[in-house]
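Welcome! Here is a short tour for anyone meeting this structure for the first time.

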Amino acid sequence: MAEAMVKEKPSLGYHEEKTDTVIRLVSTRKRKKEYQVTGIQDIASENNWKAWLYLAPVIVLIAVFLFYPLINTIFIAFTENYRYSQGTYDGFTLNNFGIILGLTSTDIGATEVNFSRYAIPNTFIIVFMTVPVSTLLALIIAVALNSIKWFQKFLQTVFFLPYVTNGIAIGMVFAVIFDQQGIVNYIFGSSTQWIYGADRWTAMVPLCIYIVWNSIPFKILVLLSGLQGIDKQYYQAAQIDAAGHAKTLWKITVPLLSPQILYLLVTSFIGAFKEYTSIVAIFNGPGTTQGSYNMMTIVYYIYENLSINTSYAAAAAVFLFVIILIFTFLQFAVGKTRVHY
């Protein structure tokens with residue numbers, strides 16, 4: 001219903017009186033939402049189903065390929081003797097985590113040592129050796145490319161080529177380069193066994209070089225886009241203050257690139273924890289010799305036991321998920337005080 005109220009205004013000096021009529025719409029219906037001021041129906045809120053319709057394909061894909069595998073993996077990790085082909089199991093247990101960590105023996109009395117002895121240490125070595133080095137090198141290269149005027153686009157394309165090249169093919173090339181008869185030993189006049197027959201720490205050298213070289217292009221692209229968005233006035237002020245290149249880099253460039261650096265660190269840590277392709281490409285197996293597992297990573301262990309010991313593979317996957325989650329939260333916590341938006 002509507003209520004009309006007439007409000008009289010004082011004379012304006014022309015011996016005329018002006019009146020304003022205020023109309024108030026009052027609805028007897030109860031408001032469904034707090035933001036709905038009157039009883040007039042909000043047309044925009046009626047069209048929400050269209051947004052959900054547009055999002056439906058993506059939501060279905062996320063549910064099928066993300067949420068279901070995640071929930072199913074967690075479920076399998078707590079099952080006993082899960083049979084991959086049949087989808088059956090004998091019950092629920094917590095021993096799977098103890099078995100992969102070498103704390104509990106299997107049903108036949110054996111002890112699993114590859115996961116705790118090789119997979120976990122190798123994965124952490126790869127993470128903490130490749131991520132900082134690749135990020136620092138990418139920052140230096142991006143700054144250098146940003147200051148080059150001639151052939152800048154050409155050089156950007158050259159540096160980005162490894163990112164679009166097949167990883168297995170690149171790994172095979174690295175295997176040839178670091179072979180005992182390869183070009184590295186030829187240049188340095190050495191006969192070092194870098195890959196086949198090498199010990200664990202020696203084999204880490206070509207592996208980490210490959211991972212760094214393969215991960216730098218994407219980092220350069222992200223950092224270069226961030227550099228081109230920095231206001232030039234900051235650098236002009238630094239020149240007026242006679243600041244050196246190193247001081248300008250660490251006091252201006254790095255703080256202003258902190259959002260991009262945080263993004264690269266988070267994604268790089270996640271990618272390094274899931275390293276698998278490089279091991280297959282370079283060593284063609286989990287070790288440097290036949291039957292050895294000295295180069296195994298967590299993801300390699302998961303793939304190797306996926307169809308044989310599915311419960312162990314699921315437990316390793318959950319273990320890796322928790323580790324990645326912890327490191328991601330730690331990085332975001334540090335980023336709250338270090339990142340400048």
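## Cores and contacts

Two residues are said to be in contact when heavy atoms of theirs lie within 4.5 Å. Please keep in mind that this is a predicted model.

Let us begin with the largest nonpolar core, which has 51 residues. Phe115, Leu207, Phe273, Phe283 and Tyr301 are those with the most contacts inside this core. Helix H14 (residues 310-338) supplies the largest share, 10 residues. Apart from this core lies another, of 17 residues, among them Leu227, Ile230, Ile261 and Leu264.

Leaving aside neighbours within four places in sequence, Phe115 touches Ile100, Leu101, Ile120, Pro121, Ile298, Tyr301, Ala316 and Phe319.

## Ser311 in helix H14

Helix H14 also holds Ser311. Is Ser311 buried or exposed? Ser311 counts as buried because its relative accessibility is 4%, and buried means under 20%. Beyond its neighbours within four places in sequence, Ser311 is in contact with Ile76, Ala77, Thr79, Glu80, Asn81, Tyr82 and Asn96.

Now turn to helix H6 (residues 167-177), whose buried residues are Gly167, Ile170, Gly171, Phe174 and Ala175. These residues lie on the same side of H6, because they cover an arc of only 145 degrees around the axis. An α-helix has 3.6 residues a turn, so residues three or four places apart point the same way.

The buried residues of H6 pack against helix H8 (200-227) and helix H12 (277-283). On the face turned away from the buried side sit the exposed residues Met172 and Val176. At the start of H6, a side-chain oxygen of Asn166 comes within 2.9 Å of the backbone nitrogen of Ile168.

Note on methods:
Residues are numbered from 1 along each chain as its sequence is written. This is a predicted model: local features need pLDDT of at least 70, side-chain atom pairs count only at pLDDT 80 or more; totals for chains, interfaces and linings use all residues. Side-chain values use heavy atoms; hydrogens and water are left out. Buried means under 20% relative accessible area, exposed over 50%, partly exposed in between (1.4 Å probe, protein chains only). Helices (H or I, at least four residues) and strands (E, at least two) are DSSP runs, numbered from the N terminus. The arc is that of the directions from the helix axis to the C-beta atoms. A polar contact is a pair of N or O atoms within 3.5 Å; within protein, one must be able to donate a hydrogen and the other to accept it, and residues adjacent in sequence count only if both atoms are side-chain atoms. A nonpolar core is a set of buried Ala, Val, Leu, Ile, Met, Phe, Trp, Tyr and Cys residues joined through side-chain atoms within 4.5 Å.
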